[in-house]
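Please keep the sequence and the 3D view open while you read.

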Amino acid sequence: MPRVYVETYGCQMNVADTELILGLLAREGYVPTDHPGEADVMLVNTCAVRDHAEQRVIGRVGELKRHKRQGAVLGVLGCMAQRLGPRLLEQAPHVDLVAGPDAYRTLPDLIAGARAGRRAADVTFKSWEHYEDVDPVRAGGAPSAFVTVQRGCDYRCPFCIVTMTRGPERSRKLEDVVREVEGLVARGVTQVTLLGQTVNSYHDGAHDFVDLLRAVGAVTQAVGAMKQSSAKSTALEYNAQIADRNALIARQQASFEATRQDKLGRMRIGAIRAGYGASGAGSNEDVLSMSITNAELDKQTILYKGELRAMGYQDE
């Protein structure tokens, strides 16, 4: 059987995407390996939040080049791949393929093309892509699992490049999420982490985040806790609505931006510090413990500001 080696950098979304990548390649007969020297395909799933993360990847890809056997393929995936696209093929001649977060379905074709001498990049955004028919390959026997409920982001935070690397926000259908959680519970998973860039803005056209929490929490009592990642888009009005559930959320981190309200408006963030304080004051401590951190926006070092402007973002 052909073997695939994947290294993952960055956030929980990338970890979940790596599980999808392994699932997609499992259909082609690939089995994962922990040793790059044994791999027929080596893939690096990347982060683009900081320049340091990208420099680490560039260095690591150079190291992996030493493990390439005759006919082996080396690819770069994820947010850095999306940001650089074909330029990465020019910068790193030893890289055979580049694919963004919405292009993982094309990996079998990209791999086949690379073996035929055709180096290529696919960084096309696909607003419909949720990989619903893909069974992620997760660590066997793990008590917890990541479940992606949302991809992309519609905010325009000047210190964040996610909008440019993961595309517009879109949510999975509630019934698809519940079906995946039911399958996980049947395998013995006891904790599910719902993933999204701004997960509490989840909306599939008919159901909002509260509906999602209730539906997943009702699957079985075996799901004793749910966490949410990167929740920041609204005041936490759903607290009272879920207070009747038992420990639905073990912990939530709510960030707020210390800057002018007009700037928050341009970033498409409606919540302000006072709103967070008011919404957290009445929280049921058994349901939600809230950690608030102050991101002093005007003091941020914006690594990609020039590139964001070049890509169409205007910091007024």
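1. Start with exposure. A residue is buried under 20% relative accessible area, exposed over 50%, and partly exposed in between, using a 1.4 Å probe and protein chains only. Cys11 has 38% relative accessibility, so Cys11 counts as partly exposed. Cys79 has 10%, so Cys79 counts as buried.

2. A word on the source. This is a predicted model, in which local features need pLDDT of at least 70 and side-chain atom pairs count only at pLDDT 80 or more, while totals for chains, interfaces and linings use all residues. Residues are numbered from 1 along each chain as its sequence is written, and side-chain values use heavy atoms, with hydrogens and water left out.

3. Now the whole chain. It holds 12 helices and 13 strands. Helices (H or I, at least four residues) and strands (E, at least two) are DSSP runs, numbered from the N terminus. The chain has 316 residues, and 50% of them count as buried. Its accessible surface is about 14,500 Å², with 49% belonging to carbon and sulfur atoms. Such areas come from the Shrake-Rupley method with a 1.4 Å probe; for residues, only the protein chains shown count as cover.

4. Contacts come next. Contact means heavy atoms within 4.5 Å. Take the contacts in the protein chain with a separation of 6 or more: residues 24 or more positions apart account for 73% of them.

5. Back to the cysteines. How many disulfides does a search of the whole structure find? The search finds 0. A disulfide is a pair of cysteine sulfur atoms within 2.5 Å. The closest cysteine sulfur to that of Cys11 is in Cys79, 6.5 Å away, which is too far for a bond. Cys79 is likewise in no disulfide, and its nearest cysteine sulfur is that of Cys11.

6. Look at Gly23. It lies in helix H1 (residues 12-26). Gly23 is buried, at 6% relative accessible area. Val134 is 111 residues away from Gly23 in sequence, yet the C-alpha atoms are 6.2 Å apart. Leaving aside neighbours within four places in sequence, Gly23 is in contact with Val134, Asp135 and Val137.

7. Asp133 lies in the loop between E6 and E7. Buried or partly exposed: which is Asp133? Its relative accessibility is 46%, so Asp133 counts as partly exposed. Not counting residues up to four places away in sequence, Asp133 touches Arg27 and Arg105. Asp133 and Asp176 are 43 residues apart in sequence, with 9.9 Å between their C-alpha atoms.

8. Arg138 is also found in the loop between E6 and E7. Its side chain reaches the backbone oxygen of Phe146 at 2.9 Å. The side chain of Arg138 also makes a polar contact with the side chain of Glu180, at 2.6 Å. A polar contact is a pair of N or O atoms within 3.5 Å; within protein, one must be able to donate a hydrogen and the other to accept it, and residues adjacent in sequence count only if both atoms are side-chain atoms. Leaving aside neighbours within four places in sequence, the contacts of Arg138 include Glu19, Ala145 and Leu184.

9. Check the aromatic rings. Rings of Phe, Tyr and Trp (its six-membered ring) pair if their centres lie within 6.5 Å; planes under 30 degrees apart count as stacked, over 60 as edge-to-face and the rest as tilted. By this rule the count is 1 aromatic pair. The ring centres of Tyr104 and Tyr131 are 6.1 Å apart and the planes are at 25°, so this pair is stacked. The pair links distant parts of the chain, 27 residues apart: Tyr104 is in the loop between strand E5 (97-99) and helix H5 (107-115), and Tyr131 is in the loop between strand E6 (120-122) and strand E7 (144-148). Both tyrosines, Tyr104 and Tyr131, are buried.

10. Finish with H5. Which residues of H5 are buried? They are Leu107, Leu110, Ile111, Gly113 and Ala114. These residues cover an arc of only 165° around the axis, which puts them on the same side of H5. The arc is that of the directions from the helix axis to the C-beta atoms. The buried residues of H5 pack against H1, strand E3 (41-46), strand E4 (73-77), E5 and E6. Gly117 follows H5, and its phi is positive, near 90°.
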